[in-house]
Every structure is written in structure tokens, then in C-alpha cells.
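User: I am new to this structure and would like to learn how to read it. Please take me through it feature by feature.

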Amino acid sequence: MSLSASRIVCAGSLARRVVSFPFSFYCSTPMHISFRPIGCLLLGLCLAMGGFARSSHGQDSLETQVQALLDEPIYRQSHWGLLFVDLQSGDVVYEHNRHKLFAPASATKIFSTSAALDGLGADYRFRTPVFARGSVNSAGKLSGDLILRASGDPTLGGRTSDKGTIEFADSDHTYANWSSEAGLTPQEPLAGLNDLARQVRASGIRAVDGEVLVDDQLFERAESSGSGPKQVSPIVVNDNVIDLVLKPAEAGKPAEVTWRPHCGLLRVESRVETIAAGGKTEMFLRDHDGLITITGKLAADKQPVVRIQEVSDPAGWARSLFIEALERAGVTVSCSPSLKHPTHSLPSASQYAELKQVAELKSLPFSENAKLILKVSHNLHASELPLLLAASKGKKTLADGMKLQREFLQRCGVNVETISFGGGAGGARADYVTPQATVQLLQHLATRKDFAAFEQALPVMGVDGTLAKTVKSDSPVRGKVQAKTGTLVWDNVLNDQGLITSKALAGYLTTASGKRLAFAAFINGVPARDGVDSKKVGNDLGRLCEIIHRAK
């Protein structure tokens, strides 16, 4: 049976079989994107002979349970899109509005990550070299420049654990200014630059009488389509942000502040007051020419709070950190750090072949990057994926990368005419996809040799990543759902509240009977009022998975 096509078949079981309509899926995420489908096509209904055939009592039960969820008052104004398909048989277990377009939020990352896994390969490793341009005398003095050539490595060794994995917190630090649960990984964010600096010293260079430069010409800079850091650059150190950790003291006293990574160019001033337990915590950040000021209030009973400040010039930031790393490694540098990268001629691609390579940082396999992106819905890294695809083909722009992603989806049998994407992360206003296209891609991915790398990168419901707290520990679907979440919330200024533009969940579910399903569940347009928030809607998507799990 072709997984790239689908036709509807009504059999005695009254189930639907996907066998022949091409479908495609794209998803994105500005603040974290998710979908909620409203209105479900009843599993027990099947169009046959010009009329509707009734389903079995068990199917009616499934229909009743799902419809009860979709009809809850908080979803009265919302739009649902659902499709659950048996991976082995192709039977449609449940569907509603599967051909309609929905904003997918971060579920978009399923498309961009799978395209990058295909284009780069799960075993691909970033190689970030350092070159010496000039001569080195017997005393180890380089009369010339030291050039770090950015490879697009999203972590640059800053999250690598002793186990050889890229570490993540279930709520990533790049969401810290919007999420009270954001956390830091314990690794040294400058580990990669420190390693390169030590290699430069080991190569025999003791001093640099020239410039230290960062070549960020791998691809053209772009802007992330999701929340968090906005500048998408080939050079990334600690996601190009400064982490500030604030810890409450006694009420009435200043909160304690620490920050990382340290750079001599930056100063941090904290004017955050500790207030009585139960008080409202609020903080405001400002960056002015290297002076980061944080003001506000922190309740005495609060856990340490993380906030981030994005750097203004990623290349200048990396250059300054690398100069300091070289000094720590025992390499004297004559040039000075600066917040902005100096204007200086860089080698062309062909000229690098004539230069001496004095260091190289080799990353972990790309499958680890995919895991980080999907587990925590990392917008900055996902936004980089189309550009990495473009660079792998000698191209440089986001448009180039999206064309390559389109070609990949076509090879998967996805109907790209039913998809609209503006980037790789989700959250772009152009991002729309159908449940049908999403599931078709998921079906195809399940047939690939590299499926394990993709599946293992997905958050696991009730276990980790953005699905860690979606269901309770005793839920029947805990550990039974591997899926990408999506959340998109816009400000409803008129009513001083939020609009949950999209909540999404798409991936794989194992039923109580052991069947494996591919599914997409989107809900768009949920007013955030009367205690309803994106977490509540996400938990209801978890309830939907429980209903399907038990019924099948």
C-alpha cells in the first residue's frame, strides 16, 4: 500500500482506509505552538452508497467521548482538526476536518526537522575549524589573523554531557522571559570555545599579533519565526543569550543575581527587590551598550528565576568570548574584544584551502540536535534548519532552504499544495497545514531507515520535554505517545487577555490493544479567559489521547 496516497474505502467494519490522497504538513511556533481540533468526524460514520452507515456500539462510545470533549463550552468558538490513522492497516480510526488548514504552531518542526535529517543525515557532525592566516615564528608568534569559521553548529559544545549527549531542560532557557519553569543545563556554555582555544595553544601558537575573527558567511542571517532569540546566525554560543539567575533573599532585601556566560565587555546591574511571599513577581530587562539592567520584584517564596538577554551581534559576541578563551589557554592576543565584530576582510571559500588549520571542534551526531529541537521546541535551532539545508547545497538563503524542504516533502508523497510555511520553527503568520498532510508525512517517516532517530527525538507524554506534564503519572498514555507539541498565543488587546491561536499535537500513539497510530490534533482560536490557558488546552489534548488509547 502506498503511504503517499490515500483513498477512502468503506468496508464491513465501516473503518476508513488511507490509501491514496497525497497530503503534506507544515507547522510553526512563535511562542510555542499547539493545535486543538474542534468537531470530529465520527469514526462510526462512513459515506457509502450515497448515505451514512452506522458504526458499532464501541465506535459510538468513542464518538460520544470525543464529541463531549470537543463540545465543552470553552471550545464553542474554536476550530478542531483531527486525524488518527492505524500505521499498519491505514485505517482511519478517527477524523474531523482533516482536509482543512490549521495553524500548526511548533508542530511545524516535524517538517523542518525531518527534512534536515534527510538532507544532512542523522550521523552528520558539524565541524567548526580555526585557521591561521599569516606566519608563525619559532617563538610561537602568529604574525597575522586567527579565524574561526562558523559551521552553523547550534550548540558549539555548550550542552555536551559526559555521556556524549546534548542535554536539555524540559522547559528551555530560551523561553525564560515567558515561562516561570525555564531551566538551565549544567554544562559550561563556553566548553566548545575553550576546547578550540586549547587546541590553538597546542598547535604551537603562543601569541596572535593580528586580528581574531569570526567568519559567519555560511548563510545569510535571518530571523527566527518563533519566540526566544530572534537572530539566526551561523555562529551560536549559548543560543546567543546571556542567562541571568535571580534568587530571592529576605523580604525587603535585594535579590541575588548570577549570570553566564561571563564576558569582560558586559556588566550586570540588578535592582530587583525581594518582596513578601505570595507577592507578584515581575522583572524588566534592558541592555545599553554592554550594561544589562534588571529591575523588578521577586517573591520571597519563589524558586530561582531565569531571565535572558539576547546579544546584539552574534559574531562580535563569539569573537569576544573566543579572545578571552585564548587568553585563558595561554595565548596572548593583541586585539581587543568589542560588542560589534570589526569590519575586516575574510577569506573566500577557496582561499581556506591555502590556510593552515590549527583547531577544529567536532560536534555530536545531528540526531542529538534533532532531539534537542523537538524535545523542548527550540525555535532558534529550528529556524536555522532550512538555512543549514541551503548551505549543504552551496546556497545561502531561507528561500533556498525552504525550496529544498519542499522537494523533500514531495519525495515523501506529501501534497505540498495543501501546506503554507514561512520558516522552520512555527509561528510565522504564513504557517498553515492540514491534519491529512501532517499524518501522511508521519506515515512516510515511519517507513524510513532513519525513523528511530526521528521517533526518539520526539517528546514522550508524561515523561520529558514539552509533554512532561501533560498527563498525570498514572495516566494510561504515559510513555505511550511520542509527539510534537505546538502553542501559539497572541495578545487580545481589545479585551486585555490572550487568544490561544493554536494548540497542536502530532506524532504517534500506542493504543491499549497495541496498535500504533499516526495522528495530528489541532485546535485554533481558543479565548484565554475564565482560567483557560494554553496548559489547560494542552492537557485536554492529553485527555483526547487517553480516549483514543482506551477505545482502540
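User: What volume does the largest cavity have?

Analyst: A cavity is a set of points on a 1 Å grid over the protein atoms alone where a 1.4 Å probe fits but cannot get out. Grid points are joined across faces, edges and corners, and a volume is the space filled by probe spheres set on the points. Here the largest cavity has a volume of about 120 Å³. Of the 16 residues that line this cavity, Gly158, Arg159, His173, Asn238 and Asp239 are the closest to its centre. Lining residues have an atom within 4 Å of a point. The structure holds three cavities of 30 Å³ or more.

User: What should I know about the model itself?

Analyst: This is a predicted model: local features need pLDDT of at least 70, side-chain atom pairs count only at pLDDT 80 or more, and totals for chains, interfaces and linings use all residues. Residues are numbered from 1 along each chain as its sequence is written, and side-chain values use heavy atoms, with hydrogens and water left out.

User: How many nonpolar, polar and charged residues are in the lining of the largest cavity?

Analyst: Ala, Val, Leu, Ile, Met, Phe, Trp, Tyr, Cys and Pro count as nonpolar; Asp, Glu, Lys and Arg as charged; the others, Gly among them, as polar. The lining of the largest cavity has six nonpolar, six polar and four charged residues.

User: How many helices and strands does the protein have?

Analyst: Helices (H or I, at least four residues) and strands (E, at least two) are DSSP runs, numbered from the N terminus. The protein comes to ten helices and 22 strands.

User: In what order do the strands of the open sheet with mixed pairing stand?

Analyst: Two strands pair if DSSP finds at least two bridges between them. Three strands form this open sheet in the order 14-16-15. Strand 14 (267-275) and strand 15 (282-288) each have a single partner strand, so one side of each lacks a neighbour in the sheet. Strand 15 and strand 16 (residues 291-299) run antiparallel, joined by seven bridges. Phe284 stands opposite Thr295 in strand 16.

User: Is strand 4 mostly covered or mostly exposed?

Analyst: Buried means under 20% relative accessible area, exposed over 50%, partly exposed in between (1.4 Å probe, protein chains only). Strand 4 (residues 79-86) is mostly covered, with seven of its eight residues buried. Eight bridges pair strand 4 with strand 22 (residues 516-528) in the antiparallel sense. Leu82 stands opposite Ala521 there. Strand 4 also runs antiparallel to strand 5 (residues 91-96), over four bridges. Phe84 faces Tyr94 as its opposite in strand 5. The hairpin of these two strands has four residues between them, and Gly90 takes a positive phi near 85°.

User: Is Glu63 buried or exposed?

Analyst: Glu63 is buried, at a relative accessible area of 15%. Glu63 is found in helix 1 (residues 57-70). Glu63 and Ala551 are 488 residues apart in sequence and 9.8 Å apart in space, C-alpha to C-alpha.

User: What share of the whole protein counts as buried?

Analyst: Of its 552 residues, 58% count as buried.

Methods
1 Å grid on protein atoms, 1.4 Å probe; cavity = no way out; pocket = protein on both sides within 12 Å on 5 of 7 lines; lining within 4 Å.
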